[in-house]
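User: Hi! I'm new to reading structures, and I'd like to walk through this one with you.
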Amino acid sequence: PPDNVKQVRPGWWESRRAIYYDIPARIRFALPHGKQSAQKIAASGWAEFERLGKIFNPYAPDTETARLNEVRTTGTVPVSKEMHAVLTLCRRLWKASNGAFDPTMLPVKRLWKKAENAQQIPRDRDILRALDRVGFDKVFLPPQKQAVDFQQAGIRFDFGGVAKGYAVDRVVSILKSQGVKAALVQLGGEVAAFGKNAAKSWRIGVQHPLNMNTVWGIVTAEKPLRVSTSGNYRQPLIIEGHRFYHIFSPKTGKPVSEKVLGVTTVSFGADHSSAFLDGAATAITVLGAEDGLSLARKSGFDTLILKQSENGEITETMTPGFQTHYRPKDNSD
């Protein structure tokens, strides 16, 4: 609703909602004009979030993703500009991560969701059957064409690993196109901030991996930054009394190790999009700490990986660039 735009300090406005199945979202921006202009700008941001939801949600029947997932044959299918942009980004992530990030994992996700409903861990043969319909190498993006070419029938997309980040990127673009010089856009664990945060640094909290009501640490920066956090604290699968990660390995079709509790990826400046960082956080969760750090170094972003040791202690692994902008939470926060 338009009246949920509030002035949070002189010249700064904020609007909050829960979208995409109750994910908390907010749009906060500097604007010297009055409330009416702020309402219009916030409304344009929410409209963009809504528009993208109608493209990338694989579970609603009338979305572009759902229609692509209904394709039963091989061959070339035209796609929208947004879908082509996301598929191109997914190809880049898939290559950079040696297949650890794969947007064709929907058959595996559906199998494990069904297993949770039935409270029965999937059999190996059912996992292998699902994996037969997984693999971004079975999809081709023809050059100079806004299309996707299915090399194998039955491929099913799930863009959950990048769609939230992509939505944040698009809303940032909308705000900038309307003359906003400083803003913060957040959708769940995806945050992008640009411009000057008045006289202060931008401060972004890193979610505690085991306690949803607590911040683990703080990332601070004077310049624009983008932060993505992926963790097992969101939507764990519980089957036969066992907790499983909601992120799956494209190689095994099984949930990744619970030892990786959370991954935060960060780009300071304009080197990476939120969509890329979103997908990279998923890839690192699949790869583990050592290969995850290697991906970060190779791709030029920073990361913090929180793991659980054998005695239950939480340990931190991070890139040097992350360390310079990070500090653990203390009582003054």
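User: Which residues lie nearest the centre of the largest pocket?
Analyst: Lys-109, Asp-158, Gly-160, Lys-164 and Gln-235 lie nearest its centre, and the lining has 44 residues. A pocket here is an open set of points on a 1 Å grid over the protein atoms alone, where a 1.4 Å probe fits, with protein on both sides within 12 Å along at least five of seven lines; lining residues have an atom within 4 Å of a point. Before we go on: this is a predicted model, where local features need pLDDT of at least 70, side-chain atom pairs count only at pLDDT 80 or more, and totals for chains, interfaces and linings use all residues. Residues are numbered from 1 along each chain as its sequence is written, and side-chain values use heavy atoms, with hydrogens and water left out.
User: Thanks! What volume does the largest pocket have?
Analyst: About 1400 Å³, where a volume is the space filled by probe spheres set on the grid points, which are joined across faces, edges and corners.
User: And how does its lining split by class?
Analyst: The largest pocket's lining has 20 nonpolar, 13 polar and eleven charged residues. Ala, Val, Leu, Ile, Met, Phe, Trp, Tyr, Cys and Pro count as nonpolar, Asp, Glu, Lys and Arg as charged, and the others, Gly among them, as polar.
User: What about the second largest pocket, what is its volume?
Analyst: That pocket has a volume of about 800 Å³. It is lined by 31 residues, and Arg-26, Gln-186, Arg-203, Ile-204 and Gly-205 are the closest to its centre.
User: Which strand gives the most to that lining?
Analyst: S9 does, with six residues. Strand S9 covers 202-207; strands (E, at least two residues) and helices (H or I, at least four) are DSSP runs, numbered from the N terminus.
User: New topic: how many salt bridges are there?
Analyst: The structure holds 14. A salt bridge is a side-chain nitrogen of Lys or Arg within 4 Å of a carboxyl oxygen of Asp or Glu.
User: Which residue does Glu-48 meet in a salt bridge?
Analyst: One partner is Arg-51, at 3.0 Å, N to O.
User: Is Glu-48 buried or exposed?
Analyst: Glu-48 counts as buried, at 6% relative accessibility, while Arg-51 is partly exposed at 33% and Arg-170 is partly exposed at 25%. Buried means under 20% relative accessible area, exposed over 50%, and partly exposed in between (1.4 Å probe, protein chains only).
User: Which residues are linked in a network of salt bridges?
Analyst: Glu-14, Arg-16, Arg-26 and Arg-28.
User: Now rings! How many aromatic pairs are there?
Analyst: Twelve. Rings of Phe, Tyr and Trp (its six-membered ring) pair if their centres lie within 6.5 Å; planes under 30 degrees apart count as stacked, over 60 as edge-to-face and the rest as tilted. Phe-150 and Phe-157 form a tilted pair, 6.0 Å centre to centre with 45° between the planes. Phe-150 is buried at 3%, and Phe-157 is buried at 0%.
User: Which residues form one aromatic cluster?
Analyst: Phe-56, Phe-150, Phe-157, Phe-159 and Tyr-166.
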